[in-house]
Amino acid sequence: MERLQDRVAVITGAGSGIGLATAHRFAQEGARVVCADVDEDSGAKAAAEVGGLFVRADVTSADDVARMYRTAYDTYGSVDIAFNNAGISPPDDDSILETGIDAWRRVQEVNLTSVYLCCKHVIPYMRRQGKGSIINTASFVAVMGSATSQISYTASKGGVLAMTRELGVQFAREGIRVNALCPGPVNTPLLQELFAKDPERAQRRLVHVPLGRFAEASEIAAAVAFLASDDSSFITASEFLVDGGISGAYVTPL
Ligand SMILES: NC(=O)c1ccc[n+]([C@@H]2O[C@H](COP(=O)([O-])OP(=O)(O)OC[C@H]3O[C@@H](n4cnc5c(N)ncnc54)[C@H](O)[C@@H]3O)[C@@H](O)[C@H]2O)c1
């Protein structure tokens, strides 16, 4: 499928995980991909792999974010797709009883303020073009509570969801669609390592997934490509759950 032929896509956090898998999927579908990451090595490697352009950007910096879209526009002549995906989930963000203000603020900056900055700086390009698709990465924890808390992470993703809904509604009649991607847990090296060390912890989570496994990053990337493409032309302001059924489940299969 080449649904993104000649579209210009900017992906934040393109050096790893969901962002990296999406860079590959976008390129397979014909897009010109701008890979942005704060990590120079992995970001440059991702760009080389997909024949795209690397831009070093810290998504918490307004200057970096503005430069990222300007570079994309100056190089390729448009900005059609923005996948605002960079995010962190550090270990010092835990139960509200343990989490300090510095950890709280850092997660809000990287996960939520970054999405504000990315949307603020990309929407003017899309308004001028009269079209665009923005996909902001939230999480299934934006719609469900968890007893194994990461309080600032959860609050940041709730913020991403609400902001996305509002932007999707505000700019709908200007040809700009804005959707929140809500992935369930993804099979990343970090997750594998954590659960290899602690099978009980893995089981405690897996029991809630009707499909009985975690997602592969490529399965999340497939959903992002759909939201980026015209195949989703009537979808905006949505909370787009790609969670293996977690959010719909009460009793799961044995
Ligand atoms: N992995 C999961 O299970 C899961 C589930 C739901 C939602 N998410 C969300 O999906 C997104 C991607 O997660 P992932 O698992 O692929 O993560 P990852 O850690 O594999 O990749 C994140 C990338 O973002 C980059 N990054 C971090 N801070 C940055 C900054 N300030 N500026 C620019 N780049 C920065 C990192 O260098 C890294 O390359 C995140 O927003 C995460 O919260 C992940």
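Predicted model: local features only at pLDDT ≥ 70, side-chain atom pairs only at ≥ 80, totals over all residues.
Biologist: Fine. How many residues are in the largest nonpolar core, and which have the most contacts inside it?

Modeller: That core has 31 residues. M68, Y69, V122, I123 and I134 have the most contacts inside it.

Biologist: Which helices and strands each supply at least two residues of this core?

Modeller: The helices are α3 (62-76), α4 (101-129) and α5 (151-170), and the strands are β2 (32-37) and β6 (176-183). The largest share is that of α4, with eight residues.

Biologist: Which residues sit on each of the faces of β6?

Modeller: I176, V178, A180 and C182 are on one side, and R177, N179, L181 and P183 are on the other. Both faces are covered.

Biologist: Which strands does β6 pair with?

Modeller: It pairs with β5 (residues 132-137) in the parallel sense, over six bridges. It also pairs with β7 (residues 239-242), again in the parallel sense, over four bridges.

Biologist: What unit do β5, α5 and β6 make?

Modeller: They make a β-α-β unit, and it is right-handed.

Biologist: Change of topic, the ligand. How many residues are around the ligand, and which come nearest?

Modeller: There are 26 around it, and S16, I18, D37, Y153 and V186 come nearest.

Biologist: What about S16, which of its atoms is 2.6 Å from the ligand?

Modeller: An N or O atom in the S16 side chain is 2.6 Å from an oxygen atom of the ligand.

Biologist: And where do V38 and A57 come in?

Modeller: Through their backbones. V38 has a backbone N or O atom 3.3 Å from a nitrogen atom of the ligand. For A57, a polar backbone atom is 3.5 Å from a ligand nitrogen atom.

Biologist: A57 makes me think of D64. What does D64 touch?

Modeller: D64 touches R56, A57 and D58, leaving out residues up to four places away in sequence. A polar atom of the D64 side chain lies 2.9 Å from the backbone nitrogen of D58.

Biologist: Where is D64, and is it buried or exposed?

Modeller: D64 lies in helix α3. Its relative accessible area is 14%, so it is buried.

Biologist: T75 is in that helix too. How far is T75 from A62?

Modeller: Their C-alpha atoms are separated by 20 Å, with the two residues 13 apart along the chain. T75 is partly exposed, at 43% relative accessibility. A polar atom of the T75 side chain lies 2.6 Å from the backbone oxygen of T71.

Biologist: Now S238. Where does it lie, and why do you count it as buried?

Modeller: S238 is in the loop between α8 (217-228) and β7. It counts as buried because its relative accessible area is 17%, and the cut-off is under 20%.

Biologist: What is S238 in contact with?

Modeller: Beyond neighbours within four places in sequence, S238 is in contact with V178, N179 and A180. The side chains of S238 and N179 are joined by a polar contact of 2.8 Å.

Biologist: Last one, what is the phi of A237, and of D6?

Modeller: A237 has a positive phi of about 60° and is not a glycine. It is in the loop between α8 and β7, and is partly exposed at 21% relative accessibility. D6, also not a glycine, has a positive phi of about 65°. D6 sits in the segment before β1 (8-12) and is partly exposed at 42%.

Definitions and conventions. Residues numbered from 1 in each chain as written. Heavy atoms only, no water. Core = buried A, V, L, I, M, F, W, Y, C linked by side-chain atoms within 4.5 Å. Buried < 20%, exposed > 50% of the residue type's maximum accessible area, 1.4 Å probe, protein only. Pairing = 2+ DSSP bridges. Right-handed = clockwise from strand over helix to strand, strands pointing away. Near = heavy atom within 4 Å. Polar contact = N/O pair within 3.5 Å; in protein donor to acceptor, adjacent residues only side chain to side chain. Contact = heavy atoms within 4.5 Å.
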